[in-house]
Amino acid sequence: MHNARPDFVLRDIVRPNILALQPYRCARDDYKSGILLDANENSYGPALSDPAGDFVTPPAASTPGVDPNPDEAPVNPDVHLERYPDPHQHEVKSRLCAFRGLPSPDHLFLGVGSDESIDIAIRVFCRPGVDKILICPPTYGMYSVSAQINDVQVVRVPLDVADGRFQLQVDQVLETLAADPLIKILFLCSPGNPTGNLLAHADVKRILDFTGYKGIVLVDEAYIDFSVDAEGVNLQSVASWTVEYPNLVVTQTLSKAFGLAGIRCGVSISSTDIARIFNSTKAPYNISTPTSLLARSALSEVGLDRMRMHVMSTLLERERLRSALPALPRVGRVFGGNHANFILVEIVDGQGAPDNKAAFSAYKQLAEVEHVVVRFRGNELGCTACLRITIGMPEHNEQLLERMRRVLSSLAA
Ligand SMILES: Cc1ncc(COP(=O)(O)O)c(C=O)c1O
């Protein structure tokens, strides 16, 4: 396997206490069948109004906690919610690997949404009160929230925001990384939130190849499944680069294209060494059995087909909104309608200049009078006077256009 960064030494950037970690072990790692009285679970079964739950159907002969042949059959946590879930989640990982074309589940860490991947990366690589992360605003807010929680400083090199380009200023990023060895993670968001743009692959590659930086590049691909060609094929993810780049971590999620924000399931893809460290650091049972079952269903053939259908409908609707919005009064440029399930819409004054006050007022009126909730992003760099609008279903978008027209027509000039 080709290593694109032989100079990168993982153990030099992992916090020493994490490097020395012995992962939590339980008796179930060694013994999975028999009468299980090892984990202080409740053998009487789940206390639910419907003990099986809506989606878990235990085999007819099974009594909670006691399998038909206790000496042989491993207790299956999928049908025994009173049991702790599988800490390794091989089935979900295998399905993700097949879907993403990745070589092995050993490259994966599953987390409680991408937010857990972001947090665990900071906890693994950044010493509280000492190390730093680099972000490129405007970007997703949780990088700095997680950094602050972990007492990690945030350094910023803004994107080039001219005319809604929202691309990296690579020379400045490299200069900043080279000048400060305490920066341990560079967070890139591609497609970006709130920008909706993919970052140029050549720029990401230049940073990954830069030997003046010995830290991690984390590419957040929460919206990557919306970056598809006309046939619905995704050619944009850099996840497969993790095989070659030991300094790359890619995070993805089931919250967006898969429509499963409620189950909290995200994945980080990296070298097997980084994945092993993340898996040793996480809480042992972070992925619940209901989450695991639903994730497996989403990653089944039927689930994937449905996801692709929803993505295609979203993209059609995005195009419709992109062409309809500029016809509304006081709408200026529409940014970021390229690679995600939202767009950024600029609100302008009578002379066509961005009008942040009007944008905020439109946001409030939309929510309070018209009951359409969008996000005001006007205080983000390069997003002055912008509303971020998630693409809804056709009827939602129809209503949005109608109600937005009312609100914008009523704005004082
Ligand atoms: C760029 C980006 N990354 C990560 C997340 C969080 O994803 P998850 O629901 O998987 O925690 C979001 C959610 O809005 C996001 O916009």
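Me: Where is Pro194 found?
Reply: Pro194 is in the loop between strand S4 (183-189) and helix H6 (201-209). Both names come from DSSP runs, numbered from the N terminus (helices: H or I, at least four residues; strands: E, at least two). The model is predicted: local features need pLDDT of at least 70, side-chain atom pairs count only at pLDDT 80 or more, and totals for chains, interfaces and linings use all residues. Residues are numbered from 1 along each chain as its sequence is written, and side-chain values use heavy atoms, without hydrogens and water.

Me: What kind of peptide bond joins Asn193 and Pro194?
Reply: The bond is cis, with omega about 15°. The bond from Pro137 to Pro138 is cis too, with omega near 5°. Pro138 lies in the loop between strand S2 (132-135) and helix H4 (142-149). Most peptide bonds are trans.

Me: What makes the phi of Arg264 worth a mention?
Reply: Arg264 is not a glycine, yet its phi is positive, about 55°. Most residues other than glycine have a negative phi. Arg264 belongs to the loop between strand S6 (248-253) and strand S7 (266-269).

Me: What distance separates the side chain of Arg264 from the ligand?
Reply: An N or O atom of that side chain is 2.8 Å from a ligand oxygen atom. A polar contact is a pair of N or O atoms within 3.5 Å, so this pair qualifies. The protein covers 91% of the 400 Å² of accessible area that the ligand has on its own (Shrake-Rupley method, 1.4 Å probe).

Me: Which helix gives the largest share of the shell around the ligand?
Reply: Helix H3 (residues 113-125) does, with three residues. In total, 13 residues surround the ligand, and Ser114 and Asp220 are among the closest. Near means a heavy atom within 4 Å.

Me: Why are H3 and H7 called roughly perpendicular?
Reply: The axes of H3 and helix H7 (residues 272-281) come within 10 Å and cross at roughly 100°. Angles of 65 to 115 degrees count as roughly perpendicular (under 35 roughly parallel, over 145 roughly antiparallel, the rest oblique). H3 and H7 are therefore roughly perpendicular. Their contact (heavy atoms within 4.5 Å) includes Ile120 and Phe125 of H3 and Ile274 and Phe278 of H7.

Note on methods: A polar contact is a pair of N or O atoms within 3.5 Å; within protein, one must be able to donate a hydrogen and the other to accept it, and residues adjacent in sequence count only if both atoms are side-chain atoms. Axes are lines fitted to C-alpha atoms, for helices over the stretch in contact, and angles run from 0 to 180 degrees between N-to-C directions.
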